[in-house]
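Hi there,

Here is the structure I said I would pass on to you.

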Amino acid sequence: MALNIVAVYLSVCLTIFTGNALGSRVCHPQPTDVIFVLDTSTSINELDYKKEIGFVSGIVRHLTTLNPAGVEVGLYTFSDTFKNNIILGHYRDKNSLLAILNGIQPLQGSTNTHLVLEDILSNGFKSSSRQNTKRVVVLITDGQSVFQAKTLQAAKALHNANIEVHAVGVGDYVDPNELRSIASLRNYSHLVSDFDSLSNVEKNINESICNIIVDPTSSPQPTEICITRPTDVIFVLDSSDSISQQEFDIQLNFVIDIVKNVNVKISANESQVGIYTFASGFVMNIGLGSYSNELSLLKAIRNIRRLHGSTNTHLALNDVLKNGYSKNNGARTGVHRVVVLITDGQSIYPDDTAKAADALHKDNIEVVAIGVGSDISKEELKKIASKYQEMHLVKNYKSLQTVLEKQIIKITCVPRQICKVRPTDVIFAIDSSSSISTEDFAKQRKFLAEFVKYTKLVISDSNVHMGLYTFADKSIQNFRLNSYKTKKDILDALNNLVQIQGVTNTHLVLQEILSNGFSTSSGARANAHHVVVLITDGQSVFRKKTIDAGKALHQAGIEVYAIGVGNATDDTELKAIASSGSTLFTVPDYHTLDLIEEDINKIICKDAKNQTGLCENGSADVVFLIDTSDSTTKKDFSEEMNIVSAFVKSLSGLDKVKVALITFASHSALQFSLTTHTTKSSLLAALQNMQKSPGSTNTADALRLAKATLQLGSNKRRAVVLITDGKSDDSFDSLQAAKDLRSSNINIFGYGISNSVISELQIISGSMSNVVIGEVSEVSEQLVSKVLNSSCS
């Protein structure tokens, strides 16, 4: 979507500005008025001030046009007071402008940022005679302002005037939250360690004044990762007393960032946004049809006032269903509908909240639940969210932007997949025994319904036929492969499915499917791919009969997927039922079945894979995560090192594949980065000297460090390889960290020294196909193949 397109723009602009050729791409400035604002307070020494001037000069030098049709530049300095040193548009000769820049003297004093922002709004852009040009402010500062409230008010006024503000903070004394509030968008807020690092954000500023022209005869560009779909999104924001004004403002900024990255217009092909706030009561602040353009919508969001009181979540959710999605409030028929709830605590009436959420689910409204802080109830969030993957936890409101923005932006798009659909006869066999609660049985029905709704699935004689069995004491054929000809008919049948109760006679259903399920009378086709998907939460009563029935299906050429739910299943039995390791799945509970939806959807696809972009063959940035916790023996640690060594030895060199390594126990340590070793010999020597550190299994910390490490890499194909002997200390925290990696298009692969960790590795990696199973001697070869053939960002 928009984020990926921007990333392409950035890389193209940077290449051209640094003088490197990249096909026939040309970066042309668009008509833009740019005002640079430089902090010259007493905390900035003369050398650092010169670096600020150098930063501006560098951008000016690379502009191809400095005239009324291109870019006009202005510059302010500020401290106690401010000075408009270069009036916008007064210099249209590049050499003259550069000479003036080098002669500007710094002011001295404290950091009255608000004064300069107020004057820019009142006077800064008045000297420009051009109409309807893009207006940009670039602020550089090394500390927080003296009057923060006034600064934020001045920045908000600039935003409301449709002036794009970039805020660059330098050093350790900058307030990141103030910086973010000054910037128009989170992507326009930049933190660097020192003034020497200002060049790291130059590409972002260049992009703001750049139009990309691409020669259509040049090499193909990366394909968009999703297809935008018309979506009505309603944000429901917690405004109760437990939330400070600053935290409430962060929620608003979060919504603003998302609006900036989706199409928000009343159109059949674009998205609309509505907003509710809630505490003891609720307010519909913005209805879906209230604003027809982005600018007016953003102004309205910034002017939302917070409520006070307790957390009556159910009241807001009930009204969203009753009025939020009504035609009177601008809702459209036939579009994707999404609710995004953000809260920092448990609701006062959890049962009523669960009922309200369930009503939204039943009305086919997707609900994303975001919990902030330690006072939320994970169980309540599970019930609110439509799927397990749509429940998110963050430590505090400051983390909201960085962790979730990319994931939430995806609500307006359908993942683009390469899926050559093949004729498939698929029979689901779902456990209906007494060990399964009514609620969990309903989740199985929902899982099947999601498969039916899958975009690529077409019910027809030339595509897919679907049948269903339930089993407990006995096996029941609920409908045959040829019973229903439309998705609607199948969904209606699923809604009316009744649980039969009893013990787990798995062998009966497998035998019945073999003898009758794929018969011509049941609608099976000779030219179709035959598949069974079995879901169960426990081991069968007659284990040997079940294993034999599974083997008989394999021998008949029928592919069998086995899904085990919970910790009462028999791993050996499941392996025997499944056709291979790639068709065996385990999940912690029925609520997490959606974690394997993508894998099951691929049943109907031939050579299916997500298309996330193009990258050079054989290139990758790879971070190994090595478990050194107390449960790993010296032998285990040696095996882990051997796997990494064998992986490195199999590479032709480290020119295309960069390798980093992190060890983890209670804490994580980056042993070497992606750029530390440029030769295989030096890297292998480092592995020989690696030491084991004691502690517990803090997998989440290692995953977060891996993401930070990969962000410094240069390859488009990025992978994390997790090698561990046991489950993480906090599996939920680990799953959240893994989800964040995967949402950033980072592939995760796992290998378990112990088989007990395989189910968690599957969930962390997102797919059983990303978990390597086999002897240590075989692991490195599998990893090389999986990593170098994985998708790119």
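Below is what was found in it, topic by topic.

First, some housekeeping. This is a predicted model, in which local features need pLDDT of at least 70 and side-chain atom pairs count only at pLDDT 80 or more, while totals for chains, interfaces and linings use all residues. Residues are numbered from 1 along each chain as its sequence is written, and side-chain values use heavy atoms, with hydrogens and water left out.

**The whole chain**

The chain has 25 helices and 30 strands. Helices here are DSSP runs of H or I with at least four residues, strands are runs of E with at least two, and both are numbered from the N terminus. Of the 793 residues, 56% count as buried. Buried means under 20% relative accessible area, exposed means over 50%, and partly exposed is in between, using a 1.4 Å probe and protein chains only. As for contacts (heavy atoms within 4.5 Å), take those with a separation of 6 or more: residues 24 or more positions apart account for 79% of them.

**Two helix pairs**

Two packed helices are described by the angle between their axes and the distance between the axes. The axes are lines fitted to C-alpha atoms, for helices over the stretch in contact, and the angles run from 0 to 180 degrees between N-to-C directions.

Start with α8 (residues 245-260) and α9 (residues 294-302), which pack at about 170 degrees with their axes 10 Å apart. So α8 is roughly antiparallel to α9. (Under 35 degrees counts as roughly parallel, over 145 as roughly antiparallel, 65 to 115 as roughly perpendicular, and the rest as oblique.) On the α8 side you'll find L252, V255, I256, V259 and K260, and they meet E294, L297, L298, I301 and R302 of α9. That contact divides into 7 nonpolar residues, no polar ones and 3 charged. For this sorting, Ala, Val, Leu, Ile, Met, Phe, Trp, Tyr, Cys and Pro are nonpolar, Asp, Glu, Lys and Arg are charged, and the others, Gly among them, are polar.

The other pair is α20 (residues 634-649) with α21 (residues 680-688), at an angle of about 175 degrees and with axes 10 Å apart. That makes α20 roughly antiparallel to α21. M641, V644, S645, V648 and K649 of α20 make the contact with K680, L683, L684 and L687 of α21.

Back in α8, have a look at Q251. Is Q251 buried or exposed? Q251 is buried, at a relative accessible area of 0%. Leaving out residues up to four places away in sequence, Q251 touches L237, D238, I243, I342, Y397 and L400.

**Rings**

Rings of Phe, Tyr and Trp (its six-membered ring) pair if their centres lie within 6.5 Å; planes under 30 degrees apart count as stacked, over 60 as edge-to-face, and the rest as tilted. By this rule there are 6 aromatic pairs. One of them is Y76 with F82, a tilted pair at 6.1 Å centre to centre and 40 degrees between the planes. Y76 is buried at 1% relative accessible area, while F82 is partly exposed at 27%. F479 and Y484 make an edge-to-face pair, 5.1 Å centre to centre with 75 degrees between the planes. Here F479 is buried at 5% and Y484 is partly exposed at 27%.

Charges can sit over rings too: NZ of Lys or CZ of Arg has to be within 6 Å of the ring centre and within 35 degrees of the ring normal. K150 lies over the face of F147, at 5.1 Å from the ring centre. Likewise, K545 lies over the face of F542, at 4.9 Å.

**Positive phi**

Most residues other than glycine have a negative phi. N162 is not a glycine, yet its phi is positive, about 60 degrees. You'll find N162 in the loop between α5 (148-160) and β6 (164-170), partly exposed at 48%. Q501 has a positive phi as well, near 70 degrees. Q501 sits in the loop between α15 (487-495) and α16 (506-517), and is partly exposed at 38% relative accessibility.

Happy browsing!
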